[in-house]
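Here are my notes from a first pass through this one. Have a look at the picture, then read on.

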Amino acid sequence: MKAFFLIFLMSCFATFSSAQSVGLVLSGGGAKGLAHIGVIRALEENNIPIDYVSGTSMGAIVGGLYAAGYTPDEMEELFLSDQFKFWATGKIQEEYRYYFRKLEQTPAWLNLDLRRTEDRLRIMLPTNIIPEEQIDFAFMEMFSSTNAVCNNNFDNLMVPFLCIATDVFENKEVELRSGDLGEAIRASMTFPLYFKPIVIDGALVFDGGIVNNFPVKNTIEAFNPDIVIGHKVANNSKRANEDDVMAQLENMIMQKTDYDVPVDKGFLLESSFSNVSLLDFNKILSLEEAGYQTALTQMDSIKMLISRRVSQETVDEKRQNFNIRKPELLFQNIQVEGVNDPMQRKYIIQSVKHKNDIIDLNQLRKEYFKLVADPQLRSVRPVSYYNKETGYFDIHLKVRKEKAMEIKFGGNVSTKPINQGFLSLDYLFFNNRAYTLSTNIYFGRFYSSIKAGGRIDFPSNLPFYLSGYLTLNRWDFFTSSNEFFFEDVSSPFIIQDESNFRFELGFPVKTHGKITLGTSFSSAMDAYYFNESIKRDDNAEETRFDTFSSRISMERNSQNYKQYATEGVANELSFTYTLGDEKHHPGSNSPLNRPYSGSHKFFTLKGKYDNHFPVTRRSSLGVTMEAVYSNKELLNNYSATLLAANTFAPTPFSQTMFLENYRANKYVASGLKSIIELSSQMHLRMEGYAFLPVQQIVRGENYQAIYHPDNYSDISLMGLGGLVYHTGLGPLSLTVNYFEKPNTKFYVVFSFGYVLFNKRGY
């Protein structure tokens, strides 16, 4: 009898053991959460079942991917891919940088909203460092088909799943077990200031790690597993000291989390890391290996606790049966939320669908990023819903219209006398077409300018825009000492005042290009001296050049930065026809004893090619070629001719100097750039250029301009080398610049910001 009872108990224990259910809990921890992949890999290889999975922040991403049918290999491949790098940084990959909708470049560092609230105008600061468009689209792409299979119920995933977010207003946790899986994970990992929060069920939600970074209790209450395996890669915030602002903010924001797993309920694995920051995703392989070793180290204990086994073949079959049910991402209906005006909704829908009834994922991605480039829209978040009746997905675009008024400020701060400030105010609105009214001001000792005008965009089957701007420009080129680093400046020896009124009609050419037809009226007044030895009572030479120009150009631009680009292409081919009137008034010490006036008719053909080719994963080679041909006649004197000549200025600092050796009516030039990436934001660059004038302009008797007797004269070289760090506001650079000019040839420049100007009319 006793033997029978013992056999009965052993049989019941075996039955109980074989029925064991296992829940896996994954903590948050930023990039350190990639170690969770290694833990999952180790559990699968040792046939340890995973029946439920839950997580917070990075744990929600890894756990959600696993629940959606991703293997550890597929997760590793995803996090190693360029695709992940783009949606983790918010940068737009080259093939989706839509050039046509970009407004004219400015040296702006920061965009601020000017919004009316409670009958007052308020400046609204940015709420996030990393743009959200990439990650929003990526989560929609990765999880839309999964939502269709599970019918928006996370219990119906390959493995039942939950994650934690934080209600910003109530400061309490939100447990997410249903709805859009991508949105749930997006909410759980939205770390404050890095990403913009989203709204779920009427609540503004942030990273779940703020209130609950390790949802063991939620897992037990929701799924009631027999065994819980927890993997922890984070710790509660340490006590901050009076000098550590970030630690103080973390103490205020992050609530303390209980990282324990009840002894009677399961097992806690812990992976510890040093020198791994929140966004060190490039360390995935070492992080994953650390998680794998953590699990292997404790595998004997895990196997003693969990007697049930599930073979790899069984898991693979379960995953395959789940994934095979996922429908293809084809989109039919488009709904726009956040916009009440029917004309505005039509503008957005037409911008995406055009005349297509069905669009695939690649078409949607292409048109989505075109829409993201639209300055009229603050944000566009795509959410998809599977329509069982049609078999297609409906895409809902959750749109936030751009602020009606936007303030931008920026400029350049440098060790050279080229410092400038920049401020602009834009007014944006749209209905069946988009309107952008702009005004800006530059102020500085070297360059100052005022611009006002606007642009109208028409979202027809062939989109086009019309723009018009009135601009006043002034450049002051100073005499200076020959100091290597800092410079002492005295009076300007060249002053260029220019005003212009420009009109332009533009059409897109694929994603990166556009064709423009333009016309401009320009009046330029150059005041200059024939040498740099200037006395206080000297009157300058003055040349006035009034022009009317017509221009056609084809541009292509896919570069990642507007200054110090490291990838992409910038090409231009243009033809300009100009009618000009020249008037010269001699200065007080001029060898030219009487005024002069004359007329000019000429054309200018310009071609430019600037491209970057990857050499290794961390290095690239840039190639620049530029050529200009113009039949413009020489002006009244040498200085006036050079000031009106075409200029080769491929580097930022070269655009701020009057360099006689790089100006000509006709020239060819080329250059090479070697770029070595030191980090995702810092790179080392070396640039070398050669400039060959065709019929070089030289000074004759009495400061007259003449052509060099040899059609092809001396080549002039130009170089740049240094470090560039792309901050979130603008480039920080330390460069050594070389120019072939009298006196100083080398210049060391430490600079923050952009060297960019408003356009000239001619």
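The points below go through a helix pair, the sheets and the nonpolar cores.

1. Ground rules. This is a predicted model, where local features need pLDDT of at least 70, side-chain atom pairs count only at pLDDT 80 or more, and totals for chains, interfaces and linings use all residues. Residues are numbered from 1 along each chain as its sequence is written, and side-chain values use heavy atoms, with hydrogens and water left out.

2. A helix pair. Start with helix H4 (residues 72-80) and helix H10 (residues 284-297), whose axes lie 10 Å apart at an angle of about 150°. That makes H4 roughly antiparallel to H10 (the label applies over 145 degrees). Axes here are lines fitted to C-alpha atoms, for helices over the stretch in contact, and angles run from 0 to 180 degrees between N-to-C directions. Helices (H or I, at least four residues) and strands (E, at least two) are DSSP runs, numbered from the N terminus.

3. What touches what there. Glu76, Phe79 and Leu80 of H4 meet Ile284, Leu285 and Glu288 of H10, with contact meaning heavy atoms within 4.5 Å. By type, the residues of this contact are four nonpolar, no polar and two charged.

4. A four-stranded sheet. The order in this open sheet is E12-E11-E14-E13, and the pairing is mixed. Strand E12 (359-360) and strand E13 (377-387) are at the edges with a single partner strand each, so one side of each has no neighbour in the sheet. E13 pairs with strand E14 (residues 392-401) in the antiparallel sense over 10 bridges; strands count as paired if DSSP finds at least two bridges between them. Tyr385 has Asp394 in E14 as its bridge partner. Helix H6 (residues 133-150) packs on this sheet, touching strand E11 (330-337), E13 and E14, and its direction makes about 10° with that of E13.

5. Further along the chain. Strand E23 (residues 569-585) is joined to strand E22 (residues 541-557) by 16 bridges, running antiparallel, and Thr543 stands opposite His584 in E23. E23 also pairs antiparallel with strand E24 (residues 596-616), over 16 bridges. In that pairing, Thr578 stands opposite Phe602 in E24.

6. The cores. Which residues touch the most other members of the largest nonpolar core? Phe79 and Phe161 do, out of 70 residues. A core is a set of buried Ala, Val, Leu, Ile, Met, Phe, Trp, Tyr and Cys residues joined through side-chain atoms within 4.5 Å, and buried means under 20% relative accessible area (1.4 Å probe, protein chains only). Among the residues Phe79 touches are Leu34, Met58 and Ile284. A second, separate core of 40 residues includes Tyr528 and Phe653.

Key
Angles under 35 degrees count as roughly parallel, over 145 as roughly antiparallel, 65 to 115 as roughly perpendicular and the rest as oblique. Ala, Val, Leu, Ile, Met, Phe, Trp, Tyr, Cys and Pro count as nonpolar, Asp, Glu, Lys and Arg as charged, and the others, Gly among them, as polar. Buried means under 20% relative accessible area, exposed over 50%, partly exposed in between (1.4 Å probe, protein chains only). Lists of a residue's contacts leave out its neighbours within four places in sequence.
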